[in-house]
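The report that follows takes up the two chains in turn, beginning with the place where they touch. Please keep the structure in view while reading.

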Amino acid sequence: MKANAIEIRGLTKHFPTFTLGPLDLTVPRGAIYGFIGPNGAGKTTTIDLIFGMGRNDSGEIRVLGYDHRASEVDLKRRAAYVGPDLNFQVWGTVVRTVRFVRGFYPDWDNDYCVRLMKAFRLSSADKIATLSFGARTKLSLLLALARRPQVLILDEPTTGLDAVTKQEVFSELLKAVEDGERTVLISSHGLSDIERFADHVGMIKDGKLLLEGRMDEVVDRFRMAEFFTDNGVELPHHEGLIIVRREQNRWHALLDQKLGVHDWLREHGGKQISLTRVTLEDMFVALVKEEEAV
Amino acid sequence: MSSEPRPLLIGPISPAADGALYQQIVDRLKREISEGRLKPGAPLPSFRQLAEDVLVSVITVKRAYEELEREGIIYRRQGLGTFVSEHGHNRSCEAKLKAAEDLLRAGFREAAEAGLKPQEILDLAREIAKGRK
């Protein structure tokens with residue numbers, strides 16, 4: 001059994017207006033893990049804590065078995081981070097940026113770097129000041145990938161990228177995990193991309209984990225249900241049934257098949273129940289709204 | 001990591017097409033096998049390679065391979081890879097026949113719901129078979 005790439009257990013961090021956790025996350029080795037949640041759910045806070053930006057109040061973070069505080073250097077040698085800060089201006093050109101960054105990393109793979117430059121359509125002589133937003137994003141990804149990290153953590157890397165650029169990025173991420181050893185954790189609001197490219201998914205809301213698991217199993221667990229009731233029927237709150245919409249006796253709801261809600265619904269007056277497969281996005285919207293309604 | 005382009009094995013996979021992504025991979029591979037472009041004994045790419053080629057997650061391809069293995073269309077040899085099985089061709093023809101049956105059944109149901117009598121449905125089917133409709 002391979003060790004997990006990232007294990008977070010009982011992580012908490014209190015802020016004046018927000019509390020993260022207690023949070024458990026398990027990112028298997030060799031996977032692309034989609035870390036999703038609405039704005040302000042705590043994704044960036046979690047990622048920052050992994051890399052020692054801010055101190056957690058309690059709990060444990062292990063990356064490749066290395067404790068994030070006791071073995072900070074070992075962790076940082078093997079894990080790379082790409083965040084929304086894309087300011088490479090001081091180096092002037094792409095080649096000078098690459099030269100500066102590679103000096104820090106003994107495992108820097110120059111052949112890979114050259115190949116990535118081609119795949120990302122970047123050239124050494126490009127001036128940083130004239131690079132598009134997408135090209136700057138690709139440059140920052142290139143700088144992280146060419147280090148050959150065991151674990152790559154990306155915070156919103158595809159926000160604002162056009163469809164072509166996004167596909168180039170995901171294509172390289174799939175290649176990066178090809179050996180089954182390297183792991184990518186990616187936080188994103190691009191749910192259709194995450195559904196297509198991520199093997200595992202973890203969804204948080206208000207600092208807590210709502211669900212986690214294999215992408216296909218998580219998505220397949222839920223169905224959008226349409227059903228009818230007799231006039232005036234009220235349904236009690238029931239775990240695993242999230243009412244999305246209701247017009248008199250016609251209902252739309254997200255249904256968790258794992259909890260046997262289908263039978264419960266029939267027993268409580270649901271008629272003509274029809275179930276439709278959902279996308280990650282359908283699921284996400286229903287789950288986030290339910291939390292708000294409570 | 002190789003950057004050599006591999007030959008295209010299957011058609012494009014898209015969320016806009018029918019069925020889950022893994023099911024589309026299953027269907028495309030069955031088609032390659034039943035139409036003889038992939039012969040018995042032919043090696044299949046690793047699921048990580050195929051994932052790269054068709055731009056889907058590794059888990060999606062893994063699930064497709066598991067499905068094909070369960071149906072006896074492909075088999076896995078530890079350490080060697082995945083191959084089209086000896087009966088892969090027959091099995092995928094059987095699977096296609098089964099799918100055709102299901103579609104016909106659905107078509108007959110729709111036609112009946114539209115008010116056609118059994119004989120009229122058969123006439124319609126004959127017209128379609130002759131390519132007139």
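Two residues are said to be in contact if their C-beta atoms, placed from the backbone, lie within 7 Å. With that cut-off, and bearing in mind that this is a predicted model, 15 residues of chain B are in contact with 18 residues of chain A. On the side of chain B that touches chain A, the elements that give two or more residues are α1 (21–34), α2 and α3 of chain B, and the largest share, four residues, comes from α3(B). Sorted by class, the residues of this side of chain B divide into nine nonpolar, three polar and three charged.

**The helices of chain B**

| Helix pair | Angle | Distance between axes | Crossing |
|---|---|---|---|
| α2(B) and α3(B) | about 120° | 8 Å | right-handed |
| α1(B) and α3(B) | about 50° | 8 Å | right-handed |

Helix α2 of chain B covers residues 47–54 and helix α3 of chain B covers residues 58–70. At their angle of about 120°, α2(B) and α3(B) are therefore oblique to each other. From α2(B), the contact is made by Phe47(B), Arg48(B), Leu50(B) and Ala51(B), and from α3(B) by Val58(B), Thr60(B), Val61(B), Lys62(B) and Tyr65(B). By class, this contact of α2(B) with α3(B) has six nonpolar, one polar and two charged residues.

The contact of α1(B) with α3(B) has eight nonpolar, one polar and two charged residues.

Chain A is divided into domain 1, which spans 6–206, and domain 2, which spans 218–293. The C-alpha centres of these two domains of chain A lie 36 Å apart, and ten residues of domain 1 are in contact with eight residues of domain 2. On the side of domain 1 of chain A that touches domain 2, the elements that give two or more residues are α7 (191–197) and β9 (200–205) of chain A, and α7(A) supplies the largest share, four residues. The residues of that side of domain 1 divide into six nonpolar, one polar and three charged.

**The sheet of six strands**

An open sheet of six strands in chain A has the order β6-β7-β8-β3-β9-β10, with mixed pairing. The edge strands are β6 (79–82) and β10 (208–214) of chain A, each of which pairs on one side only. On average, and with direction ignored, neighbouring strands of this sheet are turned by 15° against each other. Within the sheet, strand β7 (residues 151–155) of chain A and strand β8 (residues 183–187) of chain A pair in the parallel sense over five bridges, and Leu154(A) stands opposite Ile186(A) in β8(A). Helix α1 (residues 43–50) of chain A packs on the sheet, where α1(A) touches β3 (32–36), β7, β8 and β9 of chain A, and the direction of this helix makes about 145° with that of β7(A).

**The sheet of four strands**

Another open sheet of chain A has four strands in the order β12-β13-β11-β14, with antiparallel pairing. Which strands stand at the edges? They are β12 (241–247) and β14 (271–277) of chain A, each with a single partner strand, so one side of each is left without a neighbour in the sheet. From one strand to the next, the twist averages 20°.

Strand β11 (residues 222–228) of chain A and strand β13 (residues 250–256) of chain A pair in the antiparallel sense over seven bridges, and the bridge partner of Phe228(A) in β13(A) is Arg250(A). Strand β13(A) also pairs with β12(A), in the antiparallel sense over six bridges, with Arg246(A) standing opposite Trp251(A) in β13(A). The hairpin of β12(A) and β13(A) has two residues between the strands, and in this hairpin Gln248(A) takes a positive phi near 50°.

Conventions. Residues numbered from 1 in each chain as written. Chains lettered and ligands numbered in written order. Predicted model: local features only at pLDDT ≥ 70, side-chain atom pairs only at ≥ 80, totals over all residues. Domains from an automatic or database assignment. Nonpolar A, V, L, I, M, F, W, Y, C, P; charged D, E, K, R; others polar. Axes fitted to C-alpha atoms, helices over the stretch in contact; angles between N-to-C directions. Parallel < 35°, antiparallel > 145°, perpendicular 65-115°, else oblique. Left-handed = near helix turned anticlockwise from the far one by under 90°. Pairing = 2+ DSSP bridges.
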